[in-house]
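Keep the structure beside you as you read.

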Amino acid sequence: MNEHVRDLIERLDAPQTRGAARSELIGLRAVELLSALAAGANAERRKAILRVLLELKDARAEAAFREALDSSDEDIRAIGATGLHRLGARDALAACVATIDDAPDMLHYDITPSVRALTEMGVPALRAVLPLLDSEDERTRQ
């Protein structure tokens, strides 16, 4: 990874520089961002990198999104499921169902990234979602 890309990735950490760095990174190849993930990153940087990869819709990020599903951070899991959906991955439906309660919208607690993705999937997602109406968790039923 070249020094310029490394600097842009570091600038993702600061709210003041995040937008400009994100915009510039979107124009770069996903390979650089995937290298940064592989090298290890704190949770906030990891989220920022994964969000940029979401926008790139590069199939090479599929493994990174799938790996994100195992995170202890619900935001990272939600990004992983959304990324798989945007890439049309075969396991996107299962990932969205598994993360349906993760990272709710602060103003609309019943809306999560996975709920949005499942809505976009439409009728094919119904078979997977209907059993959730019997969940013991009130949030999941909602």
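## Two pockets

A pocket, in this report, is an open set of grid points where a 1.4 Å probe fits, with protein on both sides within 12 Å along at least five of seven lines. The model you are looking at is a predicted one. Its second largest pocket holds about 210 Å³ of space. Helix 6 gives the largest share, five residues. Sorted by class, the lining has five nonpolar residues, one polar residue and four charged ones.

Now turn to the largest pocket, with about 280 Å³ of space. It is lined by 16 residues, and those closest to its centre are Ile-100, Asp-110, Val-115, Thr-140 and Gln-142. Helix 8 and helix 10 (138–141) are the elements that each give two or more residues to this lining. Eight of the lining residues are nonpolar, four are polar and four are charged.

## Helix 8 and its two faces

Which of its residues are buried? They are Ser-114, Ala-117, Leu-118 and Met-121, in a helix that covers residues 113–121. Looking down the axis of helix 8, you would find these buried residues within an arc of 100 degrees, so they line one face of the helix.

The buried residues of helix 8 pack against helix 6 (74–87), helix 7 (92–98) and helix 9 (126–129). On the face turned away from the buried side sit Thr-119 and Glu-120, which are exposed. Just after the helix, Gly-122 has a positive phi of about 70 degrees.

## The nonpolar core

Next, look at the largest nonpolar core, which has 36 residues. Leu-25, Ile-49, Leu-50, Leu-53 and Phe-65 have the most contacts inside it. Among the elements giving two or more residues to this core are helix 1 (3–11), helix 2 (15–26), helix 3 (30–38) and helix 5 (62–68). The largest share, six residues, comes from helix 4.

Is Leu-50 buried or exposed? Leu-50 is buried, with a relative accessible area of 0%. This residue lies in helix 4. Leaving out residues up to four places away in sequence, Leu-50 touches Leu-37, Ala-64, Phe-65, Ala-68, Ile-76 and Ile-79. Leu-50 and Gly-83 are 33 residues apart in sequence, yet their C-alpha atoms are 8.3 Å apart in space. With neighbours within four places set aside, Ile-49 is in contact with Ile-9, Leu-12, Leu-33, Ala-36 and Leu-37.

## The buried side of helix 1

Ile-9 is also one of the buried residues of helix 1, along with Val-5 and Leu-8. They cover an arc of only 100 degrees around the axis, which puts them on the same side of helix 1. Helix 2, helix 3 and helix 4 are included in what covers these buried residues.

## Loops to look at

Most residues other than glycine have a negative phi. Two residues in this model are worth checking against that rule. Lys-57 is not a glycine, but has a positive phi of about 50 degrees. You can find Lys-57 in the loop between helix 4 and helix 5. Lys-57 counts as exposed because its relative accessibility is 54%, and the cut-off for exposed is over 50%.

Ala-103 also has a positive phi, near 55 degrees, and is found in the loop between helix 7 and helix 8. With a relative accessible area of 15%, Ala-103 is buried, since buried means under 20%. Thr-112 is found in the loop between helix 7 and helix 8, and is buried with a relative accessible area of 1%. Leaving out residues up to four places away in sequence, Thr-112 touches Ile-100, Asp-101, Asp-102, Ala-103 and Pro-104.

How values were computed: Residues numbered from 1 in each chain as written. Predicted model: local features only at pLDDT ≥ 70, side-chain atom pairs only at ≥ 80, totals over all residues. Heavy atoms only, no water. Buried < 20%, exposed > 50% of the residue type's maximum accessible area, 1.4 Å probe, protein only. Helix = DSSP H or I, 4+ residues; strand = E, 2+ residues; numbered from the N terminus. Arc of directions from axis to C-beta. Contact = heavy atoms within 4.5 Å. 1 Å grid on protein atoms, 1.4 Å probe; cavity = no way out; pocket = protein on both sides within 12 Å on 5 of 7 lines; lining within 4 Å. Points joined across faces, edges and corners; volume = space filled by probe spheres on them. Nonpolar A, V, L, I, M, F, W, Y, C, P; charged D, E, K, R; others polar. Core = buried A, V, L, I, M, F, W, Y, C linked by side-chain atoms within 4.5 Å.
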